[in-house]
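Visitor: I have a structure open and would like to learn how to read it. Can we go through it feature by feature?

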Amino acid sequence: MKTDTPKAIRLKSYRPPAYLVDRVQLDIALDPSRTRVRSRLVVRANPALDGAPGPLVLDGESLELVSVALDGRQLATRAYTLTPQALTIAAPPKGQFTLDIETIVDPESNKALQGLYRSRGVYTTQCEAQGFRRITYFPDRPDVLAVYRVRLEADTSEAPVLLSNGNLVERGTLERGRRHYAVWHDPFPKPCYLFALVGGDLSSIASTFTTRSGRKVDLAIYVEHGCETRAGWAMDALKRAMAWDERVFGREYDLGVFNIVAVSDFNMGAMENKGLNIFNDRLILASPETATDAIFEAIESVIAHEYFHNWTGNRITCRDWFQLCLKEGLTVFRDQEFSGDERSRTVQRISDVRQLKAVQFAEDAGPLAHPVRPESYIEINNFYTATVYEKGAELVRMIKTILGEDAFRAGMDLYFSRHDGQAATVEDFLQAFEDASGRDLSQFMLWYRQAGTPSLVCSLRYDKASKTAALEVEQSLRPLHGRAQPKPMHIPLRLGLVAADGSDVPLVMEDGTRLADGVVHVTKRKQHFRFTDVDARPVPSLLRGFSAPVNLTLAMDEKDLAFLMANDRDLFNRWQAAHTYASRTIREIVAALGRGKRVARGLAYARGLATIVRDETLEPAYRAEVLKLPSEADIAREIAKDVDPGLIHRAHRQLARLVAATLGGDLEALYEEMRARGRFSPAPAAAGRRALCNAALSLLLVRGTPADIARAWRHFATAGNMTDEAHALILLAQTAGPERERALKRFHDRWQGDHVVIDIWFAAQAQSPQPTTVETVERLLAHPLFSLTSPNKVRALLGTLALHNPVQFNRPDGGGYALVADQVLAIDRFNPQIAARLLASFRSWRALEAERRRLAGQALTRIARGPDLSRDVVEIVTKMLEE
Ligand code: TRP
Ligand code: ZN
């Protein structure tokens, strides 16, 4: 795990592999501490390269090497060299040859959760990005594709279930039934990061799916015994995702089996191993009593995401890890589209944009900023970021906006047919769209290369005499530290000009062309767009649907914002207007508080909200989104420098209190009207009603009368589902009265036996703005149900504090920073990936006011001086402290 001076890997140093592996045969005998791995590789020099191939270098980490044989003959130790990172054979034969390698690995003590490990007694693997080298010696890079045959052997009682990629070809018993084996074969060549195995005592639910060409696929989801009834929603989502990919992208599943396994200890959400997806169990298990609507939704989207990888990631994989967005950005785009089709497009877009800004914009504005396709890395695991995933998805969305629906689909079809079975690049991807559409995307390519969020400053001038509206747009992008001045990018700007009656003015350009799609293409640093036949001054509604990931600046008075909030036909921008209005108001209150003054602001905004909330033509889920104020972190990001999270918290509450006071009666009525009745349904319509009900409850609790507290308590105590129960728990945990302790105790006693649900209890406490939260979190680290080696527990407790509780994480005495820094150092000893992720929650520290900045800097410096840091943490902390 520990390394010497970490070295950067660069995109420009990419070289094709010197050797190819055509076939892999693995024979793995599972054992808790001494698992034996026999690997037979069929290898040959890469024919695409001329000249001598040189030595064969096989990656390997934390392995015990037993033996190496070449073409059946044991290699003498002088025929190869062994380092902690590699096994090198100096002079392999010229033609095809066979390597037999035996290694021993220790799954039980593997707490890094990369390679082969054990989670609650289940053997499982995680090979992306570079975990396969912890199982056996291999060229661990995504452009080496091989066909795998895997034999697994284990104690029958310990691991009655044995799974790997592809199809089961054989199984049988050994030692009179004491042990058994299973053989799996995956006919599709794949990179080793997609290899997986599972062994354990699991139970499963099964179903089938018939593809549109009539092939029957056996589906199964494996879970811990007793959890079978909680896997049904995931199965339902899987079948919907399979049908959707056929309908929308023309993609069919290609094997006879598709297995999913839920495991408890998992570094991320889930993994798309070919034919054997492995999931964090919190993203599989759901029932009305145990899962919130947010979890139901997340399960649907992650199930779809991993399934969609079968084409975007597996059939077409990445040439090297710099191309990560090729599979991740594209697959996130696909899962967002799926969720939009299954649910409400507008609400989906609002929540995707909220998430993008909360995480990706913050990343792009701080020391961890990097291009969607990075050019260098020290530890690739640090690049599974919001920039690669979420901004990567935005880039695909912009391609669709620029080309239009049909050309986009033609480009995707061409990409699939041209690169099936290959390891591709971002250039290959864009080329397919260029070839299918005849459009030039060379300027668009800059989106993949230039880091940072472009800023778009716009203004609209209306000329009554000529009836023209002139839109002036200026784009700019701050250069990354030490980099050249960025070039102007191709920014698709979707817009509307809204007339006084709320209708959209037809967009006619000077030359008579009509913008049917409402999109203008900003390609220069400064550009004008002139619209003719505009009868009266319109209100501009810019960046509809968030057509590009930019920071938009447009001088607008409050009247215009209120007008759009009430009238924009584009529902996304109607929400955006409300959001902008609220955030502007909160920032004004912050500015006043900073000068020691109090100002009354926001009444017109609150009245505008009331109109939307009463509008029954708008679906409840949408109204719930509008009722949610921008988060404190949103405000901090917009303020951008000398941020005082304490003031933001006070200003935020002031506006929330005003809204609650102004809308009080409406909120009470809504609360009653939307209250859950009858049987629970996870369907979007029912979830939308719960969201609106809970949004009303939250605001009413800010008002804080005894009746409001009693309502929240009742909501908790009589909840018929986890959405209501968890929401009320989180709210009550924010208060200081006796209901807080009562609710926490009750929830704990009810759910202490469920390792998934209890995380809500940890998170509720970590999220509380109460001044003792840091001490509470510290105490909970010692709670018997907490475990530092479980990533879900770390995320629930420490991740929630650091990312979802700005006022207490950033408390003025630095107690939040110190606590998180201590835990980063502790976790780094066994799980560098999780340590580095937790550390990344400091990403906005430079935007803080001076005293907090000093304290956060101190905590980071202390981490940087820690002994034996992992490459993961070294890379992040170094960037974080760079001037
Ligand atoms: N490829 C996975 C996905 O996004 C994510 C992933 C990458 C991952 N590395 C991981 C998951 C390590 C778990 C552990 O779908
Ligand atoms: Zn993915």
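Visitor: How many bridges join strand 14 to strand 15?

Guide: First, the ground rules. This is a predicted model, where local features need pLDDT of at least 70, side-chain atom pairs count only at pLDDT 80 or more, and totals for chains, interfaces and linings use all residues. Residues are numbered from 1 along each chain as its sequence is written, chains are lettered from A and ligands numbered from 1 in the order in which they are written, and side-chain values use heavy atoms, with hydrogens and water left out.

Guide: Now the terms. Helices (H or I, at least four residues) and strands (E, at least two) are DSSP runs, numbered from the N terminus. Two strands pair if DSSP finds at least two bridges between them. Here, seven bridges join strand 14 (residues 167–174) to strand 15 (residues 179–190). The two run antiparallel. Glu-170 has Val-183 in strand 15 as its bridge partner.

Visitor: Which residue in the hairpin of strand 14 and strand 15 takes a positive phi?

Guide: Glu-175, with phi near 45°. Four residues lie between the strands of this hairpin.

Visitor: In what order do the five strands of the open sheet come?

Guide: In a regular strand, side chains alternate between the two faces of the sheet. The order in this open sheet is 28-30-26-25-32, with mixed pairing. Strand 28 (508–509) and strand 32 (551–554) are the edges, each pairing on one side only. Strand 25 (residues 455–463) pairs antiparallel with strand 26 (residues 468–476) over nine bridges. Val-457 stands opposite Glu-474 in strand 26.

Visitor: Is Leu-701 buried or exposed?

Guide: Buried means under 20% relative accessible area, exposed over 50%, and partly exposed in between (1.4 Å probe, protein chains only). Leu-701 has 10%, so it is buried. Leu-701 belongs to helix 15 (residues 684–703). Contact means heavy atoms within 4.5 Å. Beyond its neighbours within four places in sequence, Leu-701 is in contact with Asp-708, Ile-709, Ala-712, Leu-731 and Thr-735.

Visitor: How many residues surround ligand 1?

Guide: A residue is near a molecule if one of its heavy atoms lies within 4 Å of it. For ligand 1 there are 15 such residues, and the closest are Glu-128, Glu-272, Glu-306, Glu-328 and Tyr-389.

Visitor: Which atom of ligand 1 lies 2.5 Å from a polar side-chain atom of Glu-128?

Guide: A nitrogen atom. For His-305, a polar side-chain atom lies 3.3 Å from an oxygen atom of ligand 1.

Notes: A polar contact is a pair of N or O atoms within 3.5 Å; within protein, one must be able to donate a hydrogen and the other to accept it, and residues adjacent in sequence count only if both atoms are side-chain atoms.
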